[in-house]
Structure formats: structure tokens, C-alpha cells
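I set out to look up a few local features and write down what I found. The entries follow the order in which I checked them.

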Amino acid sequence: MNLFFLHGFLGRPSDWAVVKAHLPQHEGLRIFTPDYLKELSLGPQHTFEKWAENFTKLVEGHGCAGERNILVGYSLGGRLALHALEKKPALWYKAIFVSTNPGFNDPHESFDPTSEERRQRWMNDSYWAEEFLKAPWDMVLRNWNAQPVFGGGETEPTRIEKEYSRETLSLALTQWSLAQQRNMRSVIQKQVQKIIWMVGERDEKFMEMSRRLTEEVQGLRLETVPASSHRVLFDSPKDLGERIRQLIQQLL
């Protein structure tokens with residue numbers, strides 16, 4: 001069995017350390033934490049679709065084809081994971097999406113680049129792209145963390161400038177902007193039996209979005225993580241690890 005963890009924007013593979021510590025120590029379990037902000041084949045110079053193609057090749061290159069693979073994506077990593085699941089569903093036995101946005105709910109699963117909400121999101125992400133490229137690091141990080149979506153969090157992850165390429169961060173915000181992402185609800189519906197959708201109970205925006213998603217996608221398994229904000233990975237890593245451990249033990 002193989003586990004693939006995808007971190008969020010500004011994330012590092014080490015973000016999963018506490019989660020991994022609560023997983024079973026089993027010789028049949030392999031864990032991968034690719035750093036898509038540093039691996040060129042997985043970087044934001046690629047569109048969602050090309051990224052999914054390259055990620056699929058990486059997974060298969062690890063000799064994981066034909067095995068029970070579990071995909072876990074957090075926030076931006078969850079949005080990327082949706083595209084990986086769409087690209088090759090047969091590669092994944094289960095997929096866990098944590099604090100993940102399924103995309104704007106365009107009518108008839110279409111992509112309307114002229115919609116007002118997409119235009120607003122594009123303007124917002126373009127602003128942040130410029131900030132991450134040029135503004136003083138401490139200032140942009142402080143302003144980023146002050147966004148309402150991160151409210152109610154217990155823990156603010158430490159982010160050190162030298163660990164990043166600011167050009168890569170800037171590009172990720174535009175290339176992988178929600179404004180560029182298709183409505184992925186049809187993918188979720190087609191693969192609903194494989195999916196576990198997790199959201200922090202204090203994450204008001206994503207809680208409401210997830211409730212609506214369960215109405216739109218029949219049979220979707222929604223799990224609420226207590227005492228967690230949007231940053232479930234940092235507020236409740238032990239809880240998240242325990243939930244994944246239970247799933248693994250059912251499968252091993």
C-alpha cells in the first residue's frame with residue numbers, strides 16, 4: 001500500500017510529519033510526500049492537466065501501478081489531487097481531500113472565464129502573486145495569514161523565506177488560481193465511492209461549501225474535524241493521522 005501526501009500553498013513535505021507519526025509502522029506501507037513547489041515536473045509552470053499527467057507518471061515510476069494507493073491532498077494540494085484523480089482514477093484506491101475547494105459551481109459543469117466571481121478571484125490571486133514576488137517577506141506573510149479563511153486557527157506554521165522560490169510561489173497563485181480551475185463536481189460524483197471529504201468545524205466558509213457539496217453530490221462522505229480551522233493539517237494533525245490510520249488498517 002502506498003500513501004501520497006500533497007501539501008498546501010506555502011507547504012513543505014515536513015508539514016505531514018505529525019500526521020505520519022500516527023500511521024501504522026507496517027513494512028507494507030510506503031509514504032511519499034512530493035514537494036511540488038521544488039520538483040520541476042510538478043511545478044506551477046504546468047497547467048492543472050499537465051501537472052496531473054506528470055504526477056501520474058511519478059506515481060507509476062515509483063512502481064505503484066496496480067497497488068492500493070491512497071491520495072491525500074490538503075488545500076491547494078487537494079485541488080491538484082482532484083485533477084490527479086480525474087486523470088487516472090484506476091490508480092487510486094481512496095482519495096482524502098482536506099480543506100479543498102471543488103471549484104466555482106459553473107452551470108452544466110462548464111468553465112466560464114468571464115463570470116464575475118472568477119474575475120474577482122483572478123484579481124485577488126494576481127494581487128497576492130505580486131505581493132509574494134516583491135513585498136517584504138515578513139509583511140506579506142503576516143497579511144496572508146490575516147485572511148478571514150484562516151481565522152480560528154490554533155497554529156500558524158513557520159515559513160522561512162530562504163526555503164522558497166518567490167517566483168514559484170507567485171506563479172502558483174496565478175497558474176493554479178481557483179479562477180483557472182474547472183468545476184470538479186462531476187469528477188467528485190464519478191469517483192464518490194473512493195472519496196473522503198474532510199473539513200475543520202471552525203472553517204465557516206468551507207463548512208458551508210462542503211454542506212452544499214453533499215447536496216450536489218449524492219453519497220459523498222463528509223467528515224468534520226473538531227477544533228480545527230481551515231488549517232486542519234496544523235490544528236489537528238493527530239486527529240487527521242488517526243483517521244488515516246483507521247482507513248489503512250481496514251485495508252492492510
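At what angle do H2 and H3 pack, and how far apart are their axes? I note at the start that this is a predicted model. For the pair H2 and H3 I read an angle of about 70°, with the axes 8 Å apart. H2 is therefore roughly perpendicular to H3, since angles of 65 to 115 degrees count as such. I also looked up the handedness, and H2 passes H3 in a right-handed crossing.

Next I listed the residues in this contact. From H2 I have Phe-48, Glu-49, Trp-51, Ala-52, Glu-53, Phe-55 and Thr-56. They meet Arg-79, Leu-80, His-83, Ala-84 and Lys-87 in H3. I sorted the residues of the contact of H2 with H3 by type and got six nonpolar, two polar and four charged.

**Salt bridges**

I then turned to the charged side chains. The count for the model comes to 20 salt bridges. I looked at three of them.

Glu-53, already listed among the H2 residues that meet H3, also forms a salt bridge with Lys-57, at 3.5 Å from N to O. Both residues lie in helix H2, which covers residues 48–61. They are four residues apart, about one turn of the helix.

In helix H10, residues 237–251, I checked Arg-243 and Asp-239. Their side chains meet in a salt bridge at 2.6 Å, N to O. The spacing is four residues, about one turn of the helix.

Arg-245 is partly exposed, with a relative accessible area of 21%. Glu-242 is partly exposed as well, at 24%.

**Backbone and loops**

I went on to phi angles. Most residues other than glycine have a negative phi. I noted two residues with a positive value. Leu-10 has a phi of about 70° although it is not a glycine. Ser-75, also not a glycine, has a positive phi of about 55°.

Where do these two residues sit? I place Leu-10 in the loop between strand S1 (2–6) and helix H1 (17–21). Ser-75 is in the loop between strand S3 (69–74) and helix H3 (76–87). For Leu-10 I also looked up the accessibility: at 3% it is under the 20% limit, so Leu-10 counts as buried.

My last entry is on Gly-11, which is in the loop between S1 and H1. Its relative accessibility is 1%, so Gly-11 counts as buried. Which residues does Gly-11 touch, not counting those up to four places away in sequence? I found Leu-37, Arg-159 and Tyr-164. I also took the C-alpha separation of Gly-11 and Thr-158, which is 9.9 Å. These two residues are 147 residues apart along the chain.

Definitions and conventions:
Residues are numbered from 1 along each chain as its sequence is written. This is a predicted model: local features need pLDDT of at least 70, side-chain atom pairs count only at pLDDT 80 or more; totals for chains, interfaces and linings use all residues. Side-chain values use heavy atoms; hydrogens and water are left out. A salt bridge is a side-chain nitrogen of Lys or Arg within 4 Å of a carboxyl oxygen of Asp or Glu. Buried means under 20% relative accessible area, exposed over 50%, partly exposed in between (1.4 Å probe, protein chains only). Axes are lines fitted to C-alpha atoms, for helices over the stretch in contact, and angles run from 0 to 180 degrees between N-to-C directions. Angles under 35 degrees count as roughly parallel, over 145 as roughly antiparallel, 65 to 115 as roughly perpendicular and the rest as oblique. A crossing is left-handed if the near helix is turned anticlockwise from the far one by less than a right angle, and right-handed if clockwise. Contact means heavy atoms within 4.5 Å. Ala, Val, Leu, Ile, Met, Phe, Trp, Tyr, Cys and Pro count as nonpolar, Asp, Glu, Lys and Arg as charged, and the others, Gly among them, as polar.
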